[in-house]
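Please keep the structure in view while reading.

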Amino acid sequence: MNEYDVIVIGGGSTGTAVARDCALRGLKTLLLERDDIASGTVGTCAGMISSGLKYMREPHIVDMCSSEVVHLRHIARHIVMKNPILTPLIEMSDLSSGGNFAEEYSKRAAEREVPPVMFLTPEDALKIEPRLSPDIIASLYFEEYFIDPFRLCLLQALDARNHGADIRTYCEVTNIIVGQGEVTGVEFFDRLSGSIERASARIVVNATGPWATRIAEIAGVPLQLRLNKGAHVILDRRVVNVGVIAKAVDGRMIYLFPHENTVLLGTTALDTWEDPDNLTASHDEIEYLLTSMSWVVPSVREARIIRTMEGVRPLVAQWKVPEDDVTRGYEVIDHEKDGVVGLYSFVGGKLVMCRRMAQTVTDLICQRLGVDSECLTHERPLPGMEDDVDVLVLSRQYGVPAQTVQRMVARRGTLTVRVLELLSENPSWRSTICACEPVIEAELRYSLREEFPQTLNDLRRRTRLGTGPCQSTYCALRAAPILAEELDLSGREAQTELLRYLSERWKGKRPSFRGDQLSQEEIVQGTYSCVLNLDRMGPSLESQPWEEVE
Amino acid sequence: MSDEEEAYQFVLGTLSRERIVPYSEAELPIVKSVEQCINCGVCLNHCPLIPAVGVMRFPGPRGIAVRLSRSPPEFWTDADVIYLCTGCGTCREVCPNDVDIPSVVNMIRKRILRTMPDLVPLPLHQLQERVREYGLAFEPWEDPEDKADSRDMRLERLGLPLFEDRITDHAEVLYYPGCQAEERAQEIREAAKVILEHFRVDYTLLEEMRCCGLPLELLGDDEQAEELAGRLTEQVRSLGVEYVVTTCAGCTSRLSEIAVSHHWSAKVLHIVEYLREVIGEERVRDTLRAATGPPEAVAVHQPCHLIRHVSRNIGDDMEWLLDLIAPVTVKHSGVEDSCCGGGGLVNHHDTKTSDAVTRVNVEAIGALGVDRAVAPCPLCVAQLENAAFRAGVDMDVEDLTVLVAQYLSGE
Amino acid sequence: MQVESDVVVIGGGMAGLVAAAVALDAGLSVTVVTRGHGATASSSGAIDILGYLPGAVLPVEIPADGVHTLAMFHPWHPYTLIGLGTTDAGRSADASVAQVSDAIDWFRDRISSAGLEISGSVSETQWPVSVLGTVKPTTLLQSSMVTGSMSTDADATVLFVGLRGLPDLNPRAASSAYSEWCQSTGEGPHRVVGTVVELRSLSQRQALSSIEIAHHLDTDAGRTELTDALVPIVNNTGATHVVLPPVMGVVDSHEARESLETALGCRVIETLGVPPSVPGSRLQAALERMVVSMGGRLLKGHTVQDHRVTDGRITEVTARSRRRSVTVSASAFVLATGKFVGGGIVGDETGLREFLFGLPVFDAQRYLVGDERPSHLTSVRSVTPTGHRVFACGVGTDTMLRPVGVDGDVVYENLFCAGAILAGYNYQTEKSGLGVALVTGHTAGTYAARETKEVM
């Protein structure tokens, strides 16, 4: 049995941050994720590393958000980008309540290198964003930072691994072994090999987001979460020049953020008792978002919807208050109080806080293990951020179109060179596999060899393969054989993988299926059913959780 | 400066640092059309650039559509491909969803010119300067006498008469020769006059010919293009003409566009259309029936800016016109509607790529063994001629207007 | 501009161009108004008549029998309707088969004159192979795709060939999938291998598209280069069948195949195309050549924007190009604008509608579905043998292919519908797309011609 100091359960933003912190402090660490890195809640967020503007009622949280933005820009500048944001007002009452929020926000703006909140005339706002309604009477302006949430999690995991941690995906914890009131290890099911394994450690960190209550249950300790689901509608291409925030039909704030090659329209907030594995956006959620946003951006209804995504927020269990009033802070629960020493669970928190959350728990762990070690996660850069990269120089040097290099740099920073170096031995790996992004074969090969993806969906998280308007219509077909080659899959296994990936994409496309997606889907069906005959001769898939409900 | 003005200036600063050039109101329909792209790639199978230079160098129209999805901040990364597009519009024509790629190309070029002008090929900067200085895409002749000599030589070679320029302040038709026929291929300008005189058309020329603005649109200088459009609009209004007749494919499409955007009451027609629709099939038939001469076989080239940027019908009009001329037999190459490679300003900075596109035409026409190839566009004529010459293929290329004028005046 | 024509066809895919050619055959003048390329150009290049009966697990072995059974049990299927249009219910299944068969014979002949060799008949299902190494049942193939005995001959050695820089066909994945399939059926070749070769003169381009290679293989130099690279491998492996990606020439795959086979001394086969499909473009181009060479007027780049109706008959349509518009009057009209890719049917969250005339939309069982949210017409799983209901939706017609309204009455006496715009079949799971387009195009063209002559 393998021995560790710490076992982290959960490969989301918090879990990978904890693994990284522990590894950087010299603890022998194992991270277990039952699916892939960033496959849960963090994979359904907008990637905003919020300045905390929304949480002005909780000044300590605003302070924390602001300083964490500074840290993230310091350690991961290459995957952080800035979005200017307009908040157009149709009437004065659209101005968010709370009165002095602008002042509160502006106090901390300088450290993040953004301006204080400013007012723009309707004319100026319309020049910046002609899609705004001509009826606006004024607009607020401020700037926020966004991060690629998939890359953040992956880079944290890779950095942890570089510092000695073991990262195991597709390993589901089935038991937390407790002896005499103390954690001694975990038992887990390796879904890739089909075997059950054990690992020992005195510390287990439950960083499983909305699934935290399940892990607590396994360990026999009580844990409460207020699960709250949120939907995003993903629009094709960057149809707005800048971000737009608006008041929704029920007075909540919703947003339209340019994100990668899409625009995200989000989000809803509904208390949920559904299985977090089994969620899709509802028609009501889609309409809520479209109707609300169309008041300030009337054309949003004509925009092409590619798909939807639905995630679950693991909020702190405060009840009998509206969701908006629940603290956005986090808590680390030491289950010693429940009679299990060495088990810690996270509840609450936001993406922007993940590093801080990890620091808090790692401090506790070090204390318990008697290790005297400083936190370094806010100082050490994440892989790829060591230097600036000149896109045009790389493009010329390696004979790869500038845009392809630019996209790779936005994901990989200086590590782009490692991908491009593969081309000297394999010149034909310049082939574009996913045209939407674009992603070339070399990046897939590199990712498959260095970033432990097991499925096409995992490749998507690492490279943005298939995230464009066509949603893998063409690239899945070309990527599947590459995956099969690198992972040594049989023809049948590759087909299974292909069908599973198409089904996963379809899960998000189906709720908003309309408009141009009808013809897009006709091509998908024409290709995979009509031409490739996978509907008849392909392997039959095991049902995925979401497929159980019609 | 008020707080709000200051705020706006600050925002502009951020946008510029983040390289965001906001879409303007006028650009929104183009952006919208790209949303309809389903990546089917039909355009890739028809884009003339891909067989010419390969998908590695030029990712094709679908690649361009994808480019737009990274907008606004990453336009500049397209500088290595966006200047290779010849703007033929084949992609838009075969596209199941009418995605307006040619306009997307212009939009991206516009943004690169504005935000990172260093990435624009030098000859395009020079072209922009030329238009700014002379109002023409070609540097004018220094000595008017040299210009006249060149014209006379051409007319003599072609056996065309010279008519005095008509310049009046009111006419039914404005004949707009375009920069190339004005300064270089003067025989086309004169041939058009022969035709108009022959049919006793009440026409005028402009006192001073100015560029239609297409080259500026193609290099991304829409401000100067708009200036020229505004100026021409005033002239057309004050002349009170009913028709603006052109002999250049690019001018026809550009002026047709301006006519819509600037609400002209005058109709823009290529002279081929003018003959069929306004002079009338009967009159033209009666006149051309008399045309004589030794039999000749011609191959036709249909300019993209007519058939794909205006209407495929013009291809029919051309065939109709040639069919009327008894000595002429039209032979079909099968690639008459294939891009000549000269468009999109590619021939200004990358003749190799232009010629690679032209090759299809040169080879097919060369194999037909015709007496000459004709095209109703000075740009196509020059590109086909030059590319054939550079490829060592012996081929006579003539403007269709010239050919018609020859048969009319030979009568 | 105003022009006249006997017949106007709206839509320039398989259905529209076949209808146009049939009307031209009848000596009429025809104008085809076409906006862009639709599903035909994106097709595999094979013409499926019927691969599977709806709901059946096993493939159709004899397409004629399949059509017969279909016409007995699926009353709203286009194949069934056209049979009912010519005879009474008792004999209509035979009539359906006869019409399918006639359309195929007519087509093979016409398209061959336009330079595309098609092989196959209603009496036998063929099994072409895809870029993934899977196979599918179809009826008519471009001759370059015919696998012949490859799938049944145990002694055959099949060599899947990838071309360096072209990611469309991965020989390792394709050969293992094909080989696994052969093992599962217990038939077919025991030896399936894969290789990658390089086309030297294109190698400096590094990454390639299928269309570039197809252009290259249109030349002698290109073919020689490919065979030079393949000869040693064919000799070493003893390959009897070489399977190439779908790149065998832009215009003429027949000639390319013959020349490659002569040089290699074995069978050479190209796979089915996937978008962007070279064989699909090849088929589209041949169809256009067919219509133009027969004297048809092909108005490309034109979108129908308006139409005029007098006494329940359409009298003219107005089409716009980029900068001009043209009004075409005619005695009969064919509507062949396709489904979603073609743009014949559009949908938003409020439902589905026919794009040009606002005709009601029905599903395969002739239920009105125009007000259904499209997502309600789909299944939870992406790719399944039952497919998605939405792809069997379209315009409902009478047995003469004239569109009907919600009451079942014919809307326009002289409008005939063909191809994917028709309700009643899911071509993706049935494998019947271009077949229904061809057969209904043939039928609609016949009715349109008859209608015109009656008016004259």
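In which loop of chain B does Ser333(B) lie? The model is predicted, and in it Ser333(B) belongs to the loop between strand S6 (328-331) and helix H18 (346-349) of chain B.

Is Ser333(B) buried or exposed? Its relative accessibility is 17%, and buried means under 20%, so Ser333(B) counts as buried. The side chain of Ser333(B) reaches the backbone nitrogen of Val335(B) at 3.1 Å. Apart from neighbours within four places in sequence, Ser333(B) is in contact with Ala364(B), Ile365(B) and Leu368(B).

| Domain of chain A | Residues |
|---|---|
| domain 1 | 2-41 + 150-225 + 328-369 |
| domain 2 | 83-143 + 226-322 |
| domain 3 | 422-541 |

Between the C-alpha centres of domain 1 of chain A and domain 2 of chain A there are 32 Å. The contact takes 13 residues from domain 1 of chain A and twelve residues from domain 2 of chain A.

Together, domain 1 of chain A and domain 2 of chain A bury about 1100 Å², with 57% of it on carbon and sulfur atoms. On the side of domain 1 of chain A, the most area is lost by Pro210(A), Leu225(A) and Arg328(A), together 41% of what that side buries.

Three salt bridges are counted between domain 1 of chain A and domain 2 of chain A. A salt bridge also joins the side chains of Arg214(A) and Asp277(A), at 3.8 Å from N to O. Five residue pairs are in polar contact between domain 1 of chain A and domain 2 of chain A. The residues of domain 1 of chain A that touch domain 2 of chain A divide into four nonpolar, five polar and four charged.

Key. Residues numbered from 1 in each chain as written. Chains lettered and ligands numbered in written order. Predicted model: local features only at pLDDT ≥ 70, side-chain atom pairs only at ≥ 80, totals over all residues. Heavy atoms only, no water. Domains from an automatic or database assignment. Contact = heavy atoms within 4.5 Å. Buried area = accessible area lost by both parts, 1.4 Å probe. Salt bridge = Lys/Arg side-chain N within 4 Å of Asp/Glu carboxyl O. Polar contact = N/O pair within 3.5 Å; in protein donor to acceptor, adjacent residues only side chain to side chain. Nonpolar A, V, L, I, M, F, W, Y, C, P; charged D, E, K, R; others polar. Helix = DSSP H or I, 4+ residues; strand = E, 2+ residues; numbered from the N terminus. Buried < 20%, exposed > 50% of the residue type's maximum accessible area, 1.4 Å probe, protein only.
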